[in-house]
Structure formats: structure tokens, C-alpha cells
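Let's take a short tour together, one selection at a time.

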Amino acid sequence: MAAPLVLVVLAAVTVRAALYRSSLAVFIAERVEVASPLNAWKRVVEGLALLDLGVSPYSGAIFHETPLIIYLFHFLIEYAELVFMFKKQKLLIELDKYAPDVAELIQTPMEMHYIPLKVALFYLLNPYTVMSCVAKSTCAINNSVIAFFILATIKGSAFLSAVFLALATYQSLYPLTLFAPALLYLLQRQFIPIKLKSKSFWLYTMQYTSLYLCSLVVIICLSFFLLNSWDFIPSVYGFILSVPDLTPNIGLFWYFFAEMFEHFSLFFVCVFQINVFFYTIPLAIKLKEHPMFFMFVQLAIISIFKSYPTVGDIALYMAFLPVWSHLYRFLRNIFILSCVLIFCSFLFPVLWHLWIYAGSANSNFYYAITLTFNIGQILLISDYFYAFLRREYYLTHGLHLTRQDGTEAMLVLK
Amino acid sequence: MGLLSDPQCRRALGRLLLRLNTPLCVLSYLSGLAWFLLLPLLAPRTYLSENAMGSTMVGEGSDLGPRALALARDFGEHRRREGGIPVSWLSHTMFQLGLEVHSQPFARTLPFPDEAHERYLVRGTNVFGVLRAPRAASTEALLLLVPCCEGGKNEQAVGLLLALAGYCRGQIYWAKDLIFLVTEHDLLGTQAWLEGYHGVNLTAMQSGPFPGRAGAIQAALALELSSDVLTSVDVAVEGLDGQLPNLDLLNLFQSFCHKNGLLCTLQGKLPPPEGPSGPGYAQSLRTLGLMVLGQAGGAPGGPHGLFLRFRIEALTLRGINSFRQHKFDLGALGRTLEGMFRKLNNLLERLHQSYFLYLLPSLARFVSIGSYAPALGLLLLVLALRALELWMRLSRSEEGEGEPPVGEARGGLLYLVPPILISGGAGAALYLLPVRGQAVATQHFPVGEAEAVVLALIGIYVAGMALPHSTHRALSGGGQRGWMTLKLLALLALALLLTCLALLNFSLGFLLGVTLVPPAAAVRPGGNRLPLALLLVLTTPGLSLFMAVLLERELLEAPAGLGEAWQRFLGALGQGLLQEHLHGAHLSPLLCLGAYPCWLLLWNVLFWK
């Protein structure tokens, strides 16, 4: 297992190093699909320059990173390329040493042995990740914090899990929704049943919540003391929530708010933001026995519906697809959906060129591809969800369904 | 719940797809071809969309004929004396006319000698004069371009340019600056000027700091004349990489020609008679075919072609002196140009109301993208049907075998890696080696550099075709599923390439689709390979280019023999390679890195063991 992994890591590092030195690096760094206003490297450099001049980095409307990131890069600015290359590599492979609570009749231990390698392969050699890395987008840092968080949760350490979740929430607001799956997983690990009347349930929940909130408060106060001002809160969280920058990206927000009248924009901002957080409740009810899958779906929902998504976020949840490779036989539309996603990824730069450089198209064309891409992602997640539910049904009711009169039955989702 | 999720519906559709696949594919392909052939019948008339250019009501007062001819004679004499562009005489004359004169020297070493224009180390000077708008802030500009030595001589055009400049200097209504540009070494000079003006470095052109600017150029006209009198004015629209100017500019030109009684033509032919008729349809189809071939080649139809990528709408006007009775003098052309510039002067924003993507069956009719896109869409449908069929067969065979052991499943995918890597590598070699390896080639073969490059290109191309035979040892294994998966990947890659091309350069996408879709759908190993191999060889991109050269000569009513066609083909290869380096064209990378690897994958599928 170690040798193929080392090979994969070497290949990934070579690809990234080769791209760094080529002329494509500048081109990729400017692509709107890869660098958003939240995580573009240009903006980090601008913030650092302002900091060096003694001005608050948040005084313009350019810089939207958190203070910890500024100080991290303050020390690492010369080694920026190395930082981005090695950020995420080691972590994902640790992911999967958990024992799933599924019957062995459908998934064998032999298949599971290769899953960490496949996850590493999916993440490291994913073109989305490579582009994100070459563009030096700080998305890689967000992804690695989330990966640490998942690792800590799986290993069962509530304290570390809470700390990393607090860091992830502090970086970009949306991982707040990962609180529910993490809590459910830790409860399951402690064998505490989820009954509303149970005292141990509330005790553990309170413990975890207080750990999380305390670490969050500590980190925010630390940021305050680093820069001696509360400026970063409106600049980072206000920016994420109120979506003032409408540069086109692969998300759904920019076109709507570019076309909307001022009068309604507050209402629609609230609606769009609630959309990200809202799915936690029904998913928690339906998937309370399966917190890992819940975590995966939640990650995907964050990547699709967040205010400034980039391909780095998509790469994060796609890296977890090999974990669910046993669901492959129940997927219905995987071919069409993967074709849609691949075609849209190639059409993004083509339509951008037609819009901005050739002038033959306009924003509608680019948004059409954005919409198609997001529909493809949503259908992919719902397909996996359906496959998961179907497998659960088969596990409890057997693989060959028969009706009362003995003829073969088919499972249909109504 | 829906088409995609209702199992009964899915099974029914799946069965339909598997049973009727070949008839559906053939029907789709033939419909695509038929749609394209019927396009001239569906073309509506052109109309001016931009409000600001609505009517042609301007009062042209110029009579530039005699003045233009006198200046033309002067220019011709000085040019003959100096052997190139007479920079000092031009600067002096423009200064006398009241323009702000600048000159831009440029130099470029071509990657390999250009046989068509016989040049290798190019050094030249562009001269341009700016007429500042008397009442505006130099925010916008219009441009008149005359290549100084086009076709050996273009002196009448320079004379007309100078006469027009003198006339315009006396008018007070100009709201945009007028730039009068005389370039040397035609396309190279224009490229150097544009790069310098916009401050970009797209190609390795060396020129000093740019002397002086006017505003952002809104529109440009290029002029080429070869005689003192003309019978008609021909217009060229295709730009670099098949980009086209806004249709409104063409409509403007046409309306002013009608106003001044000037005869305007497209591709040198008069418009076909109105109303449905056999000869009319044949001529429209011929014009359409020539435009598609020209656009697919990606070569600019004139110096205007280089402006389009900077979002400057531009046209090239060529004066033709044929055997007609009625001749026009330069004054009529001068009035047309004056009218056009006055109308462009009235524009409030860049031309954007009319179509950017269209095809012209004749000068007065156009086919918009909404009309011609289904032709390529039907061709892509063939690829989609085949890909779906392959996928269903692959997933059915997987279910049939039950769960394959882990090693085999992954091994199944590993067998695909050599063909894909080899095809990609061959494409990369085809793209990089000919120009970079020309030193090696000239050492080993007794040919000039240009021929060495072209022959190296052909050599690598043919060598790529020999690869499956020499690497079949690495490819053995994989079996039935192996070649089906490889064919699926090849189909998807081809579909992706054609989809991107449909948006960027429809003509190239359509031609590649027409030639590559039938073999892509039909290819399979096993059985009698000879007819399929023949089909694949006949539709390879290189041979398609050769056929395109033959077809173009045929459509131009100057059919070429095989020998002449071969020479033209070699010339086209050389020009294609040069254009990528000189102007940043995308045809060469697209064919080498996109179409050729797709074709090689299909070739690998055919020779699968």
C-alpha cells in the first residue's frame, strides 16, 4: 500500500511542479473558476502588502481572508509553492480506517483495503485540484482543515474534532453545518442512542457544543489580538453572507444578483443563504444512522450552494467518492452525469473566451453552463443518495425482491 | 418520476436504443448533411440592426478621384525608388495634409522561411497619421488601413487614403479620431501595429515603444486596389480562426454601395437571382461552401482579419476591374468610404446589435447560428447514440459476469493507458517537433527549411499511423471490454472537441464532424478490417485537408490536377504552421492536439487484438 501511494504522490508533485514552471500557471491563476474573491492568491499578496505598510488589510474591498491566514503566509510567503503542494496530500489517505456498520455480504474487506489509495488518487490527480494548486488558491488550506476535522472525528477524538471544526468554520462560514454529522458520528462511536429524553445524549451534546464554541471564541479573540481590530468580521463573514462581489464564478449567486433590483436583494440573499444551511435538518433526520454519508452529502451541498464556490471545493467532495464505490451498481445515471460534468468543465473557458474576448456571447451563455454544471452536481449527489437508500433497503429486505405472489418486484422511488 | 428514473421507461428506452442504434445513427448523420445543404433556402435577407446606423442619409461631398490618382502616382514613384515603403515621403505628405504622423519600425524572424511570400527575416515600418476629433476627447477612433505593397502594388489605395485624409481634415463633424494607417509586409505589419497599439505581446514581434495613440478603435476598413478604375468592390469577411465581424458592418457597406450605385460582390461573384431557382441555389451553395472552407482554414481573408480578435469590427474591400462596361472611378469609392465613416462616426457604442456568428450564402442573405447549429448538433447526436449504446453494452456485460475480482477490474482500466498516452504523445510530437526540430531535419535531408518542416510534419503523421502495429504487444489483453471502453473514450473526446469547435469555429467543427463521425461510429476490431481501415485512412484529418484543397479549387471553378493540389496542400500545411507562430492562430494546435489524437485512438481501436 505504501509503494503505490508514494508513486501517486510523486506523480502529483511532478505534475504540479511542471505546471508551476510553465506558461499555463498565469493563465490558470486568472481563471474565475479556480480563484474566487475569497481565496485568490493575488488578494492574499495584496493583504500582506497592506499589512507590511501598516494599514489594515481590510480597509479596501479586496482582501477577505482571515487574520490567521495573513500571519501564516507572512512567514511562508517565500515558500508559497511548497506550502500549496504539500497541503493536502497526506491526509486523505488516513481517512478510511473506520469499520463501516454494513453487513459484509455486499462489501468485502479486500475492496476496502484499496479505498484510501483510491481516495488519494482521486484527490491528488484530479485536474480540479491540480489547477487549484497551481493557482495558489487558499482553497487548499480550507480543504486540509476540513480533512483534518474528518480525520479527528473518525479517530473519535471529540476535542480535536471540535477544534478543527472551529478552525474550518472560522475560515469559511459554511462548515458550521458539518457540526451535526460530526456530533452524530461521535455519539454513535460512544454508543449513545439518539433519544431526546436520554440524559447521556444531552450531556455529550453539551460537551461537544461547548468545546466547539469555546475554540471558536478563542480563535476569534486571537484574531482580534493579532490585528487589534474587529475589522475582519464584516470583511470576511459579512462578505461571505452578503455577497457584494458579483464576479462570475461557477456558483449560482452572481447572475441572480446582477440582474436583481436593489429592493429585493436582501430577501434573496437570505433565501440563498438559508438554502445552504437548510438541508441539514432533513438530512439529519433521515441519515442519523449513517453519519459518514451525511457528512459527505453535507460537504457536497456546501460546495454547490456556497456563495463563492471554486473547483477546489468540488474536488474535496469528489475525493470521497471512492469511499462509496460499493454504491456504484445502484447508480442510475452516472454515465450521463459524468459526461455532463466533463463537458461543462471544458465549456467554461470556451464560453468565457466567447463572452469576454470575442464578444460574440454574453453572460447568459456562461450562466447556462454554470447552471448545467450545478444541475449535474446536484443530480450526482441525489443519485448517490438514492443508491445509498436503495442499498439500505436491500440490506434489510434481501437482494431479490419478490411481491406477495412471487413475481419479481422492482424498487421504484416515488 | 421522470424519464431518467422510471425503471420501466428506462428499460424501454434502452431496448429501443440498442435495437435501432445503427438506423438512428445513419438517419441522424444524413439529416445533418441534408440540413446543411438546405441552408441557402432558409436564409433571410440581411437588415441593419443598429439604430444609430439606420438610414444612409448623409450628404457626401467629396470628389477625390483626380487628387487620389495624382497622389497615387507620386507614391508609386517613390516606392519604386526606395524599394519598400517610402517612409519620409509618406510622413511628409501626411503632415502636409494636417495629420499627426508617427512611424513604427518592427522586425520579426520567422520560425522557418515563408515560401509563399519569400521572406524569412522581416524588417519594416508602419506609417500612420491621426486626425484628432475636433470636438471630442480622443476616446474612440476609426481606422482606414492600406497595406502598402499588397500584390506588388496598392498605390491607388494609398492615393485614395491620402485624398480622403485631406478631405476629412476639413470637416468639423468628426467625434472619433481617424487613423490612416499604411503597413508594410501586409499581415505582419498589421500584426505588429495592432500589438503595439494595444500594448500586448501575442507573438514574438520586436518593435520599439509605440509612438502615439488615438482612442479605442471602434471599427476598421482595409482597402486594396489594383487599378485606376473599378467595376465592382469585393468584400472579405473571414478573420483569423474563423472569427467574423458584426453583420451590421457588412450591411452598412452594402447599403452605401447601393446608395452610390457601386456594384458590390462577395467572393468576386454577383448575387444570385432572386426567387427560388436551380442555378441560384447552386450558386448560393457554392458561396456557402467556399465560406465554410475559408473559415475552417482559419486564415484571415485580408488584413482586417487580425483586428477581430481585438474586438474591432473590420472588413477588407478590394476593388476589382473586370470586363464589364460600366466603370467607376476612385471618386465613387471615396464617397462610399466617406459615407461609411460618417455613419460609423455616429455610433454610440461598439457594434453589437447584429449577429457575430453567421454564414453568408450571398451578400444579401445570411444564415444565423440558430439555423446552422442543428446541422452539427445532429452529427453530435450520432456520437451520443453510439456512446450510450457502448455504455449499455459494457454495463450489461459487467452484470452478466457478476462481480469481477478486484485485480481484473482495475487491470481492465490499465489496458487503456498505453493507447491514450501514445495517442497524446503522437499529437504532442506532431505539434512540437516539426518546427523545433527543423535544424535536425535540414542536416539529414537535402531540402530547404520550409520543406523540411512540412515533410517532418507529414512524416510524424504517417509514423503515428504505424504505432498500433508496433505496440500491439503492450495493448494485448483487455479483450472485448477493452476496445469498447477505448472506443467510448474516443467518442467522448471527439464529441468534446466538436462541441467546443461548434462554438468557436463552426465551419471547422462541421468539416471535422462530417469526416470523422462516420468512422468513429463504425469502427470496431475483428472481422474484415480492410474496408474500415480504408474508411479511416480516407477520413484522417490530413487527407481531409487535401480533399478540402481539391474541393476549394473545384468550387472556385479552377479545378486543380493532383500535382497542383499536392503543391497547394504542402503550401497550406506550411502556412498553417506559420500562422500559429506569426498571428497566434489556433488551427494547428487544435488539429495536432485535438483531432489527430482522436483519430489515432480510433485507429488503435481498429487494430485491437
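Is A:D245 buried or exposed? A:D245 has a relative accessibility of 18%, and since buried means under 20%, A:D245 counts as buried. Bear in mind as you look around that this is a predicted model.

**Stop 1: the partner of A:D245**

A:R43 and A:D245 form a salt bridge, with 3.7 Å between the closest N and O atoms. A:R43 sits in helix α3 (residues 41–52) of chain A, while A:D245 belongs to the loop between α13 (232–242) and α14 (253–259) of chain A, so this pair ties together parts that are 202 residues apart in sequence. A:R43 is buried too, its relative accessible area being 18%. Over all chains, the count comes to 18 salt bridges.

**Stop 2: two helices of chain A**

Stay in chain A and show helix α1 (residues 2–21) with helix α8 (residues 127–134). They pack at an angle of about 45 degrees, and their axes are 10 Å apart. At that angle, α1(A) and α8(A) are oblique to each other. Their crossing is right-handed.

**Stop 3: a salt bridge across chain B**

Move to chain B and select B:R132 and B:E100. Their side chains meet in a salt bridge, 2.9 Å from N to O. Distant parts of the chain are linked here: B:R132 is in the loop between β2 (119–131) and β3 (140–147) of chain B, B:E100 is in strand β1 (residues 100–114) of chain B, and the two are 32 residues apart. B:R132 is partly exposed at 31% relative accessible area, and B:E100 counts as partly exposed at 30%.

**Stop 4: a salt bridge within one helix**

Next, select B:R568 and B:E564, whose side chains form a salt bridge at 3.5 Å, N to O. Both lie in helix α20 (residues 562–583) of chain B, and because they are four residues apart, about one helical turn separates them. B:R568 is partly exposed, with 38% relative accessible area, and so is B:E564, with 39%.

**Stop 5: a nonpolar patch**

Which residues form a nonpolar patch on the surface? Select B:L13, B:L16, B:L20, B:L24 and B:L27, which together have about 410 Å² of accessible area. Helices α1 (7–19) and α2 (21–38) of chain B each supply at least two residues of the patch. Finish on B:L16, found in helix α1 of chain B and partly exposed at 37% relative accessibility.

Methods:
Residues are numbered from 1 along each chain as its sequence is written. Chains are lettered from A and ligands numbered from 1 in the order in which they are written. This is a predicted model: local features need pLDDT of at least 70, side-chain atom pairs count only at pLDDT 80 or more; totals for chains, interfaces and linings use all residues. Side-chain values use heavy atoms; hydrogens and water are left out. Patches are made of residues with over 30% relative accessible area and no salt bridge: like charges are joined within 9 Å, nonpolar side chains (Val, Leu, Ile, Met, Phe, Trp, Tyr) within 5 Å. Accessible areas come from the Shrake-Rupley method with a 1.4 Å probe; for residues, only the protein chains shown count as cover. A salt bridge is a side-chain nitrogen of Lys or Arg within 4 Å of a carboxyl oxygen of Asp or Glu. Buried means under 20% relative accessible area, exposed over 50%, partly exposed in between (1.4 Å probe, protein chains only). Axes are lines fitted to C-alpha atoms, for helices over the stretch in contact, and angles run from 0 to 180 degrees between N-to-C directions. Angles under 35 degrees count as roughly parallel, over 145 as roughly antiparallel, 65 to 115 as roughly perpendicular and the rest as oblique. A crossing is left-handed if the near helix is turned anticlockwise from the far one by less than a right angle, and right-handed if clockwise.
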